[in-house]
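User: I would like to go through this model one question at a time. Please show the sequence and structure.

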Amino acid sequence: MFDYYPKCIFCFCELPKDRKGVGEHVYPKSIYGCWRIYDVCDNCMKFFGDEVDQLATKNPQIIKAMEKLGIGKPEKYYEQIPFVGEDTNDGRAIQMVYREGNLRTKTTKKEDKFIECPEKDWENIGVAWLRKAIGKKLSEEELNKEIDVLRESYKQLTPGEELYSAKLGYRTRKRQVKNPRIDSDTLPSISPLVAKIAYSFLIYVDPLMFEEDDILRRHARYGELLPEYTINWCSDADHSDKVDRFHRIVIYAGLLGTLLDVTFFGSITWRVVFKKSISYELKGFNNIKATHVALVIDFSDINSKTKWLGIQEENRKMEYRELII
Ligand SMILES: [Zn+2]
């Protein structure tokens, strides 16, 4: 059913007749996506590798799912997530990072005159910076003496208070942060990856869509803006309890048009909404009038990943068969 196309499905450049290489993982390899397609040129594959696939492991829901399932490197992936907290004294937003299993508050340095850091970092970061940045103004002995004095005074500070060293012309502020949370304002959107998966699925299942739903291709490959509400986060399910070792794409007719759900780890779903309805005349299955078509990428057994094609006809249950592609 999944024939080769003569051109790259994303940029339409001619492809060599003799396809080599590993192909493009539609769901990224880092999250066990074992569906590969060979109709993507090297440039587009490089672009997805550099810019799009990493969005999976920068997504908190996906990382949480991997943590729950005990697979991948969730600890490492949390380090890519921006966190933010509030300064306990004046409520300012303070950036935080996740390192080696802990959330850490960032240190702020301004020229060689000011440093603001949490108490536990003052000795390591603050003193090291003092020695390197401005300590040379004093002899080693004088500097050590001044640091001892500052250290004692620093301990007495309450969060938000500042300390000034006249000898060094240097100020330090004790920083304390509360209410840490994921900084959703700077979190990258996963929509280019969802668009890449949805588009790849569409052109294999229903090539008639190819021309009309080009917006997904252009968003995935060129970052062009999508019309509002094209890709929507489905937050209605309690995702944390239902995660599982498979990904799934399903297309079906909804009340408002055609819907395509891109699901990660069994339940984390983004829904693509098409305003018009689609023909379900599947390539290679022209006699079947399906209401739902699904592709399941199953990695319940990591060593023998399988893919299942699901077809649901009117008033029937979805039936799956193994797909060799
Ligand atoms: Zn291409």
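User: Does Asn-315 count as buried or exposed?
Analyst: This is a predicted model, in which local features need pLDDT of at least 70 and side-chain atom pairs count only at pLDDT 80 or more, while totals for chains, interfaces and linings use all residues. Residues are numbered from 1 along each chain as its sequence is written. A residue is buried if 20 or more other C-beta atoms (placed from the backbone) lie within 10 Å of its own, exposed if 12 or fewer, and partly exposed in between. Asn-315 has 6 C-beta neighbours inside 10 Å, so this residue counts as exposed.

User: Where is Asn-315 found, and what is its phi?
Analyst: Strands (DSSP runs of E, at least two residues) and helices (runs of H or I, at least four) are numbered from the N terminus. Asn-315 sits in the loop between β16 (306-313) and β17 (319-322). Most residues other than glycine have a negative phi. Asn-315 is not a glycine, yet its phi is positive, at about 60°.

User: Phe-12 also has a positive phi; how many other C-beta atoms lie within 10 Å of it?
Analyst: Phe-12, which is not a glycine, has a phi of about 70° and lies in the segment before β1 (24-25). Phe-12 is partly exposed, and the number of other C-beta atoms within 10 Å is 13.

User: How many helices and strands does the protein have, and what percentage of its residues count as buried?
Analyst: The protein has nine helices and 17 strands. Of its 325 residues, the share that counts as buried is 31%.

User: At what angle do α6 and α8 cross?
Analyst: Axes are lines fitted to C-alpha atoms, for helices over the stretch in contact, and angles run from 0 to 180 degrees between N-to-C directions. Under 35 degrees counts as roughly parallel, over 145 as roughly antiparallel, 65 to 115 as roughly perpendicular and the rest as oblique. α6 and α8 are therefore oblique to each other. The axes of α6 and α8 (residues 214-222) come within 8 Å, and the crossing angle is roughly 130°.

User: What is the strand order in the open sheet with mixed pairing?
Analyst: Two strands pair if DSSP finds at least two bridges between them. The edge strands, β6 (108-110) and β8 (162-165), each pair on one side only. This sheet of four strands has the order β6-β7-β9-β8.

User: Which residue in β9 is the bridge partner of Glu-162?
Analyst: β8 and β9 (residues 170-175) run antiparallel and are joined by four bridges. The partner of Glu-162 in β9 is Arg-173.

User: What angle does helix α5 make with β8?
Analyst: Helix α5 (residues 140-156) packs on this sheet and touches β8 and β9. The direction of α5 and that of β8 make an angle of about 160°.

User: What is the average twist in the open sheet with antiparallel pairing, β5-β4-β3-β10?
Analyst: Its edge strands are β5 (102-105) and β10 (177-182), each pairing on one side only. Inside it, β3 (residues 83-87) and β4 (residues 93-99) pair over four bridges. From one strand to the next, the twist averages 35°.

User: How far is Gly-91 from Val-177, C-alpha to C-alpha?
Analyst: Gly-91 is in the loop between β3 and β4 and counts as exposed, with 10 C-beta neighbours inside 10 Å. Gly-91 and Val-177 are 86 residues apart along the chain, and their C-alpha atoms are separated by 8.6 Å.

How values were computed: Two residues are in contact if their C-beta atoms, placed from the backbone, lie within 7 Å.
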